[in-house]
Amino acid sequence: MHPSQQRYRSHTDPVVRWGFLCACAALAILMTLSGYYEGSDDVMRLVGVRDLLAGQGWFDTYQHRLGPDEGTLMHWSRLVDAPIAGLYVALRAVLPAETALQITAFVWPASLAALTLWAFAVTGGVLGRREGAISALVIGVLTLEHSRKFDYFSFDHHNLQILLFAVALAFFVLRKERRYAAWMLGVCLALSVSVGTESILQIALIAVFCAIDWICNGASARHRTISFGVALVFTLALTSLATTGRDGFLYPSCDALTLSVALPATAAALGLLAAAWIGSGWSMPGRFGACLGVGIMTLAVAFAFAPHCLSNPIDALPQDMRDYWLSQVAEAQNISVVLERHRGEALALMAMSMLTMGAALAFAVKSRAGLDYTLFLVLIAVGFFVFLYQTRMMTFLSVSLVAVQAQILRVLYCSYAQDRRVITGLAMVAFVICASPKAGISLERQIGSLSGPAYSATAAAVGQDTSDTGASCRAPQAYAALQDLPSGMILVDFDFAAHVLRYTDHSVLGGNYHRNQAGILAQIDLFRSNASEIAPRLGALGVDYIMLCASAPRAEFWAWASGSKGLQTRLVEGEVPNYLSSIPGAPSDAFRMFKVTAEK
C-alpha cells in the first residue's frame, strides 16, 4: 500500500500529540486570562451535588428548597452529578473541603475541554490527516475559549453535551475505519439525550445521517447500522433505569430523559435496526422506503405519546412567564436582541457560518467524504437558523463549524507550504483571526473609535459583557448575615436564588429554572402588584424574608411592569411597607434585607 493511502491515526502521530498538549495549555491560559463567571446553573448544579452527598436520594431529583410547597422537580441528570461528586469526594479524602471544591471546579471542565479538543483532532485527522488534525486543534481552542462553557467552575451540563456532540461527530467520520465506531456513536447519542435535550436537533440529525449512510451503502453498512441501533437502545434503557426515577421519567416534558423523549427515540432506533437487519440487500429505493416507514412510525409514536414535544416549548409556558421572566433570560432571546446587545459578535458568527456552509458544500462535492461534509453542512444550516430564533444555539452552532473550518485552514496552510505566497499566508492568518466571533467585537469597537464618540460608546455598550451586573450580590460574604437568621423562605431576584441555596440553609420562592413555574409566577405576581396589597399573598406563600440587591439590576424593568407601584420599586426608593421590618446591616452590604412581619 502506498504511504499516502495508509490509514491515518491521530493518536500515533507525535506531532499531533504534541500539538494536542500545546492546545490544552493554550486553552487553559486563555481561559485563565479571561476570568470566569459563576452562573446560576453552575451554582445550582453544585447545590444538587451537595444535596446528593448530604443524603438526598439518587432518584430524588427535586430541589426541595426551590419554590413553594414541596419544591421543584429538576430535569438535570445524575449522569453529571455523579462524576462531579465522585471527584470531590476523592479529593476531600486527602484535602480540606474548600480546596477539594476549588480543584474539582478546575479539573472537571478542564478534563471535558481536553477530551473535546481531542475529538476535534480525530475528526480533523480523518478528513485531512496531520494537517487537518492540527488545524482542528487551532480552531477548537478558539471555539471552546469563546464558548465559556469550560471555564473554571463550569458545572452546568452544557460542556458535557458539547463533548458528546464532538465525540459523536468523530465516531461518525470513523464509522468505516473502526468497527467499534458505530457502537460508540450510539452510546454517545444516547448519553447526550440522557444528559439533556438542548442539542436534540443535532443528535437527531446525526442519527438521520446514519440512516442515510445505510440507504446509500446497503449491505456494506449493515453491520455498523445494526451496531448503532443496538447501542442506542441499550444505552437509553440503561440510563433510564440507572438515573431516572419514576416521577422524573413520567413527567410530561421534553427537557430531559423522560418517557416523552425515550419512547420516540427508542422507536426510531429499533425501526432502523430492524430495517438494516432485514433489508440491507434491498435496492436503494427499497432501503429509502424502509427508512421513510421508520420515520413515519417515529412521528406517529411522538404524536401519540408526546405531542407536546413537536411544538415550540416556549408556547407551553404561561404568558406571564414569557413576558416577565423569559424576556429577561439572555439565552432565550432571538437574533434581534443579540444584534442590539452583541452586534459585532453576532455578525461575525453569521458571516463565518455562511462562509463555512459554502466551504462544506464545496468539500461535499469534491471530497470522498461527501456524506460527512453533507452532515456538517446540514448541522451548520440548521444551527444557523435556530440561532436566529434563539441565541442558546450559538454554542452548538460554533462547535458544528469546527470540522469544516479546520479543513479550510488545512487547505490554506497546504497551499502556503507549497508555494510560500505571501497572500496565501496572510489569508491563513486572517482566517484564524476571524474564526473567533470575538474578532467581530474588536472590529466593531475599532470602527466605533474611528467613526466618532457616539458610535464608539454604543459599540462599547453592545460588546460589553453584562454578566458582572450585581456581581457583589453573588459573593459569598453577601450571604453571611443570612446564616444567623432562622431558616425560612426568601423572596430574592431570580438571578441570586441559586446563591442563596448554595451559601445558606434557606429556601427561595423562585429562580431561573423553567420547571419552577409555581415559584416564578408567584414572584412575578408579587413584583408586579401594588406593594401595599401583597401582605396576604406573602403570608400565603410562606415568605419569611425579602432580599434586595443594592445595585438592583432589574429595578427599571420591575418599575415598568408594576407601574412604579411594585415592592422592588418602593424598596429601591427607600419606602418600607408596614408589613416589613428592616434587618440591620452595614451600609456597604450587598443586600438590604427585610423580615416579613405580616401574619401568616
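**Close-up views of a predicted model**

**View A. Who sits around Arg130?** Leaving aside residues up to four places away in sequence, Arg130 touches Tyr8, Asp13, Val15 and Val16; touching, or contact, means heavy atoms within 4.5 Å. This is a predicted model, where local features need pLDDT of at least 70 and side-chain atom pairs count only at pLDDT 80 or more, while totals for chains, interfaces and linings use all residues. Residues are numbered from 1 along each chain as its sequence is written, and side-chain values use heavy atoms, with hydrogens and water left out. Arg130 itself belongs to helix 4 (residues 97-147). Here and below, helices (H or I, at least four residues) and strands (E, at least two) are DSSP runs, numbered from the N terminus. Val16 lies 114 residues away from Arg130 along the chain, yet their C-alpha atoms are separated by 6.7 Å. With 36% relative accessibility, Arg130 counts as partly exposed. On that scale, buried means under 20% relative accessible area, exposed over 50% and partly exposed in between, with a 1.4 Å probe and protein chains only.

View B. Two strands are said to pair if DSSP finds at least two bridges between them. Strands 3 and 4 are parallel partners, with two bridges. Strand 3 (residues 489-491) also pairs with strand 5 in the parallel sense, this time over three bridges. Look for Ile490: it stands opposite Val508 in strand 4 and opposite Tyr545 in strand 5.

**View C. Strand 5, buried or exposed?** Seven of the seven residues of strand 5 (residues 543-549) are buried, so the strand is largely enclosed by the rest of the structure. Strand 5 runs antiparallel to strand 7 (residues 591-596), and five bridges join the two.

**View D. Helix 7 meets helix 15.** Two packed helices are described by the angle between their axes and the distance between the axes. For helix 7 (residues 200-217) and helix 15 (residues 370-389), the axes come within 10 Å and cross at roughly 150°. Axes here are lines fitted to C-alpha atoms, for helices over the stretch in contact, and angles run from 0 to 180 degrees between N-to-C directions. Helix 7 and helix 15 are therefore roughly antiparallel; angles over 145 degrees count that way, under 35 as roughly parallel, 65 to 115 as roughly perpendicular and the rest as oblique. Their crossing is right-handed, meaning that the near helix is turned clockwise from the far one by less than a right angle, with anticlockwise being left-handed. On the helix 7 side, the residues in contact are Leu201, Gln202, Leu205, Ile206, Phe209, Ile212 and Asp213, and they meet Leu371, Thr374, Leu375, Val378, Leu379, Val382 and Val386 of helix 15. Sorted by class, this contact of helix 7 with helix 15 has 11 nonpolar, two polar and one charged residues. Ala, Val, Leu, Ile, Met, Phe, Trp, Tyr, Cys and Pro count as nonpolar, Asp, Glu, Lys and Arg as charged, and the others, Gly among them, as polar.

**View E. Helix 5 crosses helix 16.** The axes of helix 5 (residues 158-173) and helix 16 (residues 394-419) come within 11 Å and cross at roughly 30°. That makes the pair, helix 5 and helix 16, roughly parallel, and the crossing is right-handed. Gln161, Ile162 and Phe165 of helix 5 make the contact with Thr395, Phe396, Val399 and Ser400 of helix 16. By class, the contact of helix 5 with helix 16 has four nonpolar, three polar and no charged residues.

**View F. Some loop residues to look up.** Asn516 is in the loop between strand 4 and helix 21 (517-528), and at 1% relative accessibility it counts as buried. Not counting residues up to four places away in sequence, Asn516 touches Leu66, Gly67, Thr72, Leu509, Gly510 and Gly511. Arg148, in the loop between helix 4 and helix 5, has a phi near 60°, a positive value in a residue other than glycine. Ser564 is not a glycine either, and its phi is positive at about 65°. Find Ser564 in the loop between helix 23 (555-561) and helix 24 (567-572); it is partly exposed, at 45% relative accessible area.
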